[in-house]
Each structure stands twice: as C-alpha cells, then as structure tokens.
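Welcome! Let us walk through this structure together, one part at a time.

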Amino acid sequence: MRGLDRLPTGRGNRALLVGLGCLLVGGLLALTPLRVQLPSALYVFVEVGIVFVIYGLLVLGLDVQYGHTGLVNFGHVVFFAVGAYATAMLSAQDTFAGVGLGYPWPIGVAAGVGAAAALGFLLSATSIRLRDDFLAIVTLATAEIFHSLFVNLEGLFGGNVGILGVPRPIASLVADGDTRLVATVFVLGGITLVTLALLTRLTAAPYGRVLRAIRADELVTRSLGKPTTTYKTQAFVYGAALAGLAGGLFALYNGAVAPGFFTIQVTVTVWIGMLLGGAANHRAVLAGLAIIMGLRLVSRFALTVTPISGDVFAAVRLVVVGLVLVAVVRYRPAGIWGNPRELGVDR
Amino acid sequence: MGLLQEILFGLVTGSYIAIAAIGFTLIYGIVNMINFAYGEYLTLGAFVGLLASTALPVPLPVAVVVAMVGGGIGSLVLARGFFTPINQTGPVPLLLTSIGLGIALRNVIRLVAGRNARYFETETTTVRFDSVPDLSVGPVDLLGGFFVTTEQLTVVGAAVAVFVAVHLLLTRTNVGIAMRAMGDDEQLARVRGIDTQLVRDSVWILAGVLAGLAGVLMAIQTNVSATTGYSQILQILSAAILGGAGSPYGAIVGAYVIGLVIALSTALLPSGLTGLSTAAAFVILIAVLLVRPSGIAGTEVREA
C-alpha cells in the first residue's frame, strides 16, 4: 500500500512512467535477442514516428521559449542543426567530406547539447531584449547564416554532402531491420516523454509561473522584482539545448547529417504544430505536431493512389500547411487545446 | 575583375533591393507588421511582367507597367483577405500569417508555373571601359577595366525615379502626408480625421506596385522562378531594418549598404567561399540590431 501511495499521480509523472517504460522496452529490444516483426504497411508509420518524436523535442523546447515565455524564436532549426553537426563531427568515422573525429558518441551528444546551448546563450545575450518580431528576424537570420556556413565551408562541414559515417548506436546493436526501427522509436519516444515530464514539472513550478508572467507582461513582472532578462535567457537556453539534444539524436539515428535536413521547413513545421495544438500546453503542442506530421503520411499514401507527381504533391501539401498556419492564427489563435484566456488572445 | 566592377554590381543589386525595401518598410511603418510574404509579391510581379511580355506580347516598358498594376491589385487583394481582418492582433500574429501566406503563395506559383526558371528576352548593349588603369593594393585591384550594360543602367535609373516619386508622394500629396502621420502615431492621425483604413489600403497598393517593379527588374537581371522573390526577402528585410524600420529614406541607404556588402564580399572572400556573401549581409543585420537597433534613421525597437 505504501509503495502504491508513493507512485506518482500527476500528469507529468504519468508521462515519466510511460517514458521510462518505453526506454525499457527499447532497451530490451536493443540489448537482448528479443526480435519483432513489423508488417510492411507499418514501416512508414514507424519511420514518420521516429521523426515525430525527434521533432517532439524541438516543439517542446520551442514551447518553453514561445508558449511559456513569449520569445519569438523563428530560427529554431539552427539549434537542431548545430546539435546534429557537433555530434556528427565529434563522433563520425571515415566521413567522406568534412571533419570526423571519431570520439565515442556520448561525447558527441554532450557536445551537441553544449554547442546548441552555447549558441542559444550567445544569441539571447545579444538579442533577447529586442522586440518580439525583431527577435524573430535575428533568429531567422542566424539560421540562414549557419545554413550557408554548412553549405559553403566544405572542409569543415562537408558542403552539400554533409558528414557521413556517424555511428548509429542502436543499429550497431541490432542487425535486424524491423527490430531496429521499433527499438529506435521506443528509445527516442521514451526520451521525448521523459523530457515532457521534466518540462511539465518545470513549468508547473513557481518558475514556470514567472515565465508565463513575463509573457503576459514583462514590465509588471520586473516591477515585482523578478530579473526578467535572466529568466528569458534561461528559457531560451533550455529550448536551444533541447533542440541540440534532438539534433544529436537525429544524427545518431540517421547516420549522417547534411544541410538538406536542416532547412527553414523544420522551423515552420514545429511552429505550426505548436500553434495548432495550443502554445503553453506541452501535450497540446505534441498533438498539434502529430496532426501536421500526419499530413505527411496522408500525402505519402495519396502519392501511391493518385497519378500526379511527387513534386506536385509536395507543393500542394505546403500550400495546405501555409493555409493551416493562416487559419489557426486567424480563427483559433490559442490553438485547438490552448487556453485563450491564459494566452491573452481572446479579443 | 577590379573592385570598381564589383562596386558597380553592388549598386545595381542595391537598386532593386532599395525599391523593394521601400515597399517593405512602408508596410512595416504603417501597418506595423513584418511582411514575410513580400518576396512572393516580387515573384508575382515578375511573372505578371513575363506573361505580359511573352503572351500578349507588349514591349518591355509596357510589361513593367502591367507588372506594377498587377502587383498593386494583388497586394491589395491579399491584404484585404489576410491581413486587414487581423489588424488589431499585434505584430507577431501578423508576422506568422505572412509566413503562412508566403509558403502557400510560393507553392501555388510553383504549381502553376513549374520548377523551371524563365528568362526575359531583352536587348542589351554593353559599354566597356577597358582603358582604366589597374591600381593594385596587395591582391586587390582597386580600379581596373569595367563594363556597364544598358540593363544595369535601366535598373539604377528606375530606382532613382522611384526614390524621387516616393519622396514627392510622401511630402507633396495628402495621402502621402497622411501615411507619414499614421506612421508617426495612428491614434493621433485618426483623431485628426484621417481615414486610417484608406491610408492602409493605399500603402498596400503602393507596396505592391513597388514589388511589381522590383520583381521585374530583378528578373531581368537574373531569371524568374517560384523562388525569385523569396531568395531576396532576407536581403530586403535586412535593408529595411538597417535603415531603421519604417523609414523609406533609411531603407534606400540600407539597400545600397547591403548591395555593396554582398558585392564586395564576393570579391574579397576566397574563391571557395563566395557563397557566403549573402551570409555577410545577415551578419551586418545582426550587428546593426545589436549596436544600434533603431537603424540608421529609425525608431527604438527594444522593449527593455
């Protein structure tokens, strides 16, 4: 009975339990001879699912920045990219182009998180006091600068080819393709859920209340004696570090990084997911992201049944995505599950 | 190639960026939004001009006028449909809406026009000045022979004409004075009996007309594709912010700074790194926002 009492009950704690469960299942699949077979119809779901849980980390970090603190970061992909590149460059072996130092991958991930957090700190130290829309521009320009660095500094970043030969820890443990995919989705999903639990605790704490107070009215918050710039910097760095972690995990899952994976499209996807679900609600932003990424599944299936070319379909999907963003901002500014009163968007 | 030639290229680039940046900065100053879909307005203008000059066919100057009219109408329709209804929600929702609209427009254009780049057929005369002596300082040649094409002269000439026209509009006409009043203080302008919605509409039309012109000029210099305008939006934005968001005169200065920086960094960067020249422009943008966020001529954009 006492043991049961001590079992966590809150929402965040449930995510923690489920997340740890996922990690356990994933670990079992990776480390024991346990094997699963995946019906071929499910492949595409699992593949999109893996990208979804990685982007999930991105949207959670962005939600701390924008949803809770009101920082308009429109270059979120840069932290994702920096994390991925740092991880890849430290851990890659025999890369075709660019730098590959061949250190063990945990060092790579740590460096990825560190590099993204450092860039986040640098950016916030210089720009956090800018007005909302100008912060958006600075972060966007930063993302473009880094994208152009990745493409142009071939000796360092491998140009358009990127960095190959990044170790794939799960793939090296499991030879069987089906099991590898399932193990990957469980491990990465577990990490995302644990992150969700930690962030829920963080934002439910008085700390999170200060963040939301800053979003509502920074001047009032400062007049209550809160060092708002410090809080904003911290929130920005947390989001950046999470994106760096996502980048590191992406590099280790993918086995390679290239500029093509880190376009402004990533930023747009997580932003739309966040706004659609409802900013400032961790579970809602994940659900919103799932809806937007579900569109990708729809378009993949539609591709197989309709005679039009993939190029046309990609364009149609992006038109829909753009119009969804417009519609959400106009008709449901708090998102599907957001709280309009709390977000201060009811007009 | 000498530095003089690069500076000339920079002036040409600066000219069409300046025309677009004026439109962009007027929207910023008066509607109070960063219009990220503005690059697509340029693309639309370029395609309208191309259509007019190939399908109709009309001579290029007429096609330019058609593109400007098309840009103005398109801009007003889009503003009425997407931006005017949420005018009161503040800068961030407007920015997000423009980003969504930009994605949608870009892909609609791609669906209709396909992926291939098209070209304006123009007759160009090149004037060469080969007799200018070299003046080498280290590896850099400061003077050297250079050439100018009539296309480039047209672009620069059109830009100067636009500067004069916009200046006269803003200082000599009622609607221009009303625009400046609204940029200054919207509430006060309304108290003085200015129809703010009418002024906003005229700003949208003016910005669309300028985008149409800039789009065609840009397309004559390079080509027309679905990403023609989008590839320039960050340069336009940098120019507008550099000059002080909301100030058309600042935007002109900012545009030439951006154009020259891009051209000079192409000249001075080692040959493998010339792709970084646009990045150099964004570095300047960030530096300006850090050191002097109000830009060359503008207002405070920092909150705290």
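The largest nonpolar core has 217 residues. Here a nonpolar core is a set of buried Ala, Val, Leu, Ile, Met, Phe, Trp, Tyr and Cys residues joined through C-beta atoms within 7 Å, and a residue is buried if 20 or more other C-beta atoms, placed from the backbone, lie within 10 Å of its own. Helix H12 (residues 228–254) of chain A gives the most to this core, with 16 residues; helices are DSSP runs of H or I of at least four residues, numbered from the N terminus.

Please keep in mind that this is a predicted model, in which local features need pLDDT of at least 70 and side-chain atom pairs count only at pLDDT 80 or more, while totals for chains, interfaces and linings use all residues. Residues are numbered from 1 along each chain as its sequence is written, and chains are lettered from A and ligands numbered from 1 in the order in which they are written.

Among the residues with the most contacts inside the core are Ala18(B) and Leu213(B). Leaving aside residues up to four places away in sequence, Ala18(B) touches Ala159(B), Ala239(B), Ala251(B), Ile252(B), Ala255(B) and Tyr256(B); residues are in contact if their C-beta atoms, placed from the backbone, lie within 7 Å.

Now look at where the chains meet: 39 residues come from chain B and 36 residues from chain A. On the side of chain B that touches chain A, H4(B) gives the most, with 15 residues. That side divides into 30 nonpolar, five polar and four charged residues, where Ala, Val, Leu, Ile, Met, Phe, Trp, Tyr, Cys and Pro count as nonpolar, Asp, Glu, Lys and Arg as charged, and the others, Gly among them, as polar.

How values were computed:
Two residues are in contact if their C-beta atoms, placed from the backbone, lie within 7 Å. Helices (H or I, at least four residues) and strands (E, at least two) are DSSP runs, numbered from the N terminus. A residue is buried if 20 or more other C-beta atoms lie within 10 Å of its own, exposed if 12 or fewer, and partly exposed in between; C-beta atoms are placed from the backbone.
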